[in-house]
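Here is a short briefing for a reader who is new to this structure. Please look at the sequence and the model first, then read on by topic.

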Amino acid sequence: MNTFFKVLAAAMRPSTLPPAPKMKRKQQYGALPVRLKDGKLEVLLITSRGTGRWIIPKGWPKKQRSPHKLALLEAYEEAGIRGKIERLEIGHYDYIKWIDEHHSVACRVGVFVMKVRDVLNKWPEMHERTRRWVTPEEASQLVDEPQLSALLAGLHAKKITQKPLKSA
């Protein structure tokens, strides 16, 4: 793990996150897209298709695809970004996904930091979502999930370097 991710991982120890209620959950994997702009850390959020709330790109597991590679694919499809993603999960968050007005499923999202290299003008879900670069502090206020908010809030005080990644 290079310095970029060591700093992020140190900022987001699982013990700093509020405990999640015990229940059976479906697994998903998500990318936490970050970049340095003018020396300041920014996070990319996107809107969900159903409710329009602010989220990170995420998706369901797929056979033959590792969790971090799935998160990278979801970042491309949902947010139109390319880059490098860390192989190790930096944390997770839980949320309730509403299937329709009467049915829901509890989900746990494993989160992988993604260092964004390219922001594309065209991508598969461009007409279904809005994307926005914000500070980690803003991001932590925009998302609804408390554990995701805690992960995002943990990013703001740490120095991030521009060293190349040794990950996927």
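## Loops and turns

Q64 sits in the loop between β4 and α2. This is a predicted model.

**Loop residues with positive phi**

- Q64 is not a glycine, yet its phi is positive, near 70°.
- Is Q64 buried or exposed? Q64 has 85% relative accessibility. Exposed means over 50%, so Q64 counts as exposed.
- D38 is found in the loop between β1 and β2.
- D38 is not a glycine either. Its phi is positive, at about 55°.
- The relative accessible area of D38 is 75%, so D38 is exposed.

**A buried loop residue**

- E125 belongs to the loop between β7 and β8, and β8 covers residues 131-134.
- Why does E125 count as buried? Buried means under 20% relative accessible area, and E125 has 11%, so E125 is buried.
- Which residues does E125 touch, leaving aside its neighbours within four places in sequence? E125 is in contact with R49, E77 and E78.

**Strand pairing around β7**

- Strand β7 covers residues 103-119, and strand β1 covers residues 26-37. The two run parallel and are joined by 9 bridges.
- One of the residues in this pairing is Y29, whose bridge partner in β7 is G110.
- Strand β5, residues 81-85, runs antiparallel to β7. Here 5 bridges join the strands.
- R82 stands opposite D118 of β7.
- β6 and β7 also run antiparallel, with 9 bridges between them.
- How many residues lie between β6 and β7 in their hairpin? There are 2 residues between these strands.
- Y93 stands opposite V109 in β7. I96 has A106 as its bridge partner in β7.
- In a regular strand, side chains alternate between the two faces of the sheet.

**Aromatic pairs**

- The count of aromatic pairs comes to 2.
- Y29 and F112 make up a tilted pair. Their centres are 6.3 Å apart, with 55° between the planes.
- Y93 has 1% relative accessibility, so Y93 counts as buried.
- Y95 is buried too, with a relative accessible area of 7%.

**Helix α4**

- Helix α4 spans residues 146-153.
- Which residues of α4 are buried? They are Q147, L148, S149, L151 and L152.
- These buried residues pack against strands β1, β2, β6 and β7 and against α3. β2 covers residues 40-47, and α3 covers residues 136-142.

**The largest pocket**

- How much space lies in the largest pocket? It holds about 440 Å³.
- The lining of the largest pocket has 20 residues. The closest to its centre are S48, R53, K58, Y95 and K97.
- Which elements give two or more residues to this lining? They are β4 (58-59), α2 (67-79) and β6 (91-100).
- β6 gives the largest share, with 4 residues.
- By class, the lining has 10 charged, 5 polar and 5 nonpolar residues.

How values were computed:
Residues are numbered from 1 along each chain as its sequence is written. This is a predicted model: local features need pLDDT of at least 70, side-chain atom pairs count only at pLDDT 80 or more; totals for chains, interfaces and linings use all residues. Side-chain values use heavy atoms; hydrogens and water are left out. On a 1 Å grid over the protein atoms alone, a cavity is a set of points where a 1.4 Å probe fits but cannot get out, and a pocket is an open set with protein on both sides within 12 Å along at least five of seven lines; lining residues have an atom within 4 Å of a point. Grid points are joined across faces, edges and corners, and a volume is the space filled by probe spheres set on the points. Ala, Val, Leu, Ile, Met, Phe, Trp, Tyr, Cys and Pro count as nonpolar, Asp, Glu, Lys and Arg as charged, and the others, Gly among them, as polar. Two strands pair if DSSP finds at least two bridges between them. Buried means under 20% relative accessible area, exposed over 50%, partly exposed in between (1.4 Å probe, protein chains only). Contact means heavy atoms within 4.5 Å. Rings of Phe, Tyr and Trp (its six-membered ring) pair if their centres lie within 6.5 Å; planes under 30 degrees apart count as stacked, over 60 as edge-to-face and the rest as tilted.
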